[in-house]
Amino acid sequence: LISSSILSQGALAADENTRAQISALLQKWIESLKAKDLDRQMSCYASQLTTYFLKHNVPRYQIRRDKERFFQRYQQIRSVKISNLQITGSDQPEATFLKTWDFGGGESDWHGQVMSHLSFTKENGRWVISAERERLVQVSVPFSGSEQ
């Protein structure tokens, strides 16, 4: 699911413990997406995200609604993969990686590849996603279930 090429050198690299915790969180994030386990997926997110794609200061309940619509639209999660993972920073870690997916639904399929950028914060003593952004790498059919 996740490529093992984690950034482990340089001044901006995250410490080993932070890298391990963030890697475990990303594994949970991907596995819960593939399993369409909404509660487990949402446990990966902060109570409010500073950035969620094009929106700012987004509460978790809005992300949950977005994920519910996504799971309804795409019943088949054929594959989701992360590669070229780089984790930087220890106090406010960030992960950058290539995300590739293939989803199927009743009326349409959606596949593509993006550079994903996630930021993390600690809530209740554990790391959670506090910002999520993407940059298109390969052509995809966008998910239109999100409110703009």
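Which residues do ring pairs link into a cluster? The cluster consists of F70, F71, Y74, W101, F103 and W110, and rings of Phe, Tyr and Trp (its six-membered ring) are taken to pair if their centres lie within 6.5 Å, with planes under 30 degrees apart counted as stacked, over 60 as edge-to-face and the rest as tilted. This is a predicted model, in which local features need pLDDT of at least 70 and side-chain atom pairs count only at pLDDT 80 or more, while totals for chains, interfaces and linings use all residues. Residues are numbered from 1 along each chain as its sequence is written, and side-chain values use heavy atoms, with hydrogens and water left out.

A pair of aromatic rings is described by the distance of the centres and the angle of the planes. A search of the whole structure finds 11 aromatic pairs. In one of them, F70 and F71 have ring centres 5.7 Å apart and planes at 55 degrees, so this pair is tilted. F70 counts as buried because its relative accessibility is 7%, and F71 counts as buried because its value is 9%; buried here means under 20% relative accessible area, exposed over 50%, and partly exposed in between (1.4 Å probe, protein chains only). Y74 and W110 also form a tilted pair, at 5.6 Å centre to centre and with 35 degrees between the planes. That pair links distant parts of the chain, since Y74 lies in the loop between α3 and β3 whereas W110 lies in strand β5, 36 residues apart; helices (H or I, at least four residues) and strands (E, at least two) are DSSP runs, numbered from the N terminus. Both Y74 and W110 are buried. Another member of the cluster, W101, has K99 over its face, at 5.8 Å from the ring centre, where a charge sits over a ring if NZ of Lys or CZ of Arg is within 6 Å of the ring centre and within 35 degrees of the ring normal.

The largest nonpolar core has 35 residues, of which L26, W29, F103, F120 and I129 touch the most other members; such a core is a set of buried Ala, Val, Leu, Ile, Met, Phe, Trp, Tyr and Cys residues joined through side-chain atoms within 4.5 Å. Among the elements that give two or more residues to this core are α1 (16–35), α3 (60–73) and β6 (126–138), and α1 gives the most, with 6 residues. Not counting residues up to four places away in sequence, I129 touches L25, W29, C44, Y45, A46, L49, L118, S119 and F120, contact meaning heavy atoms within 4.5 Å.
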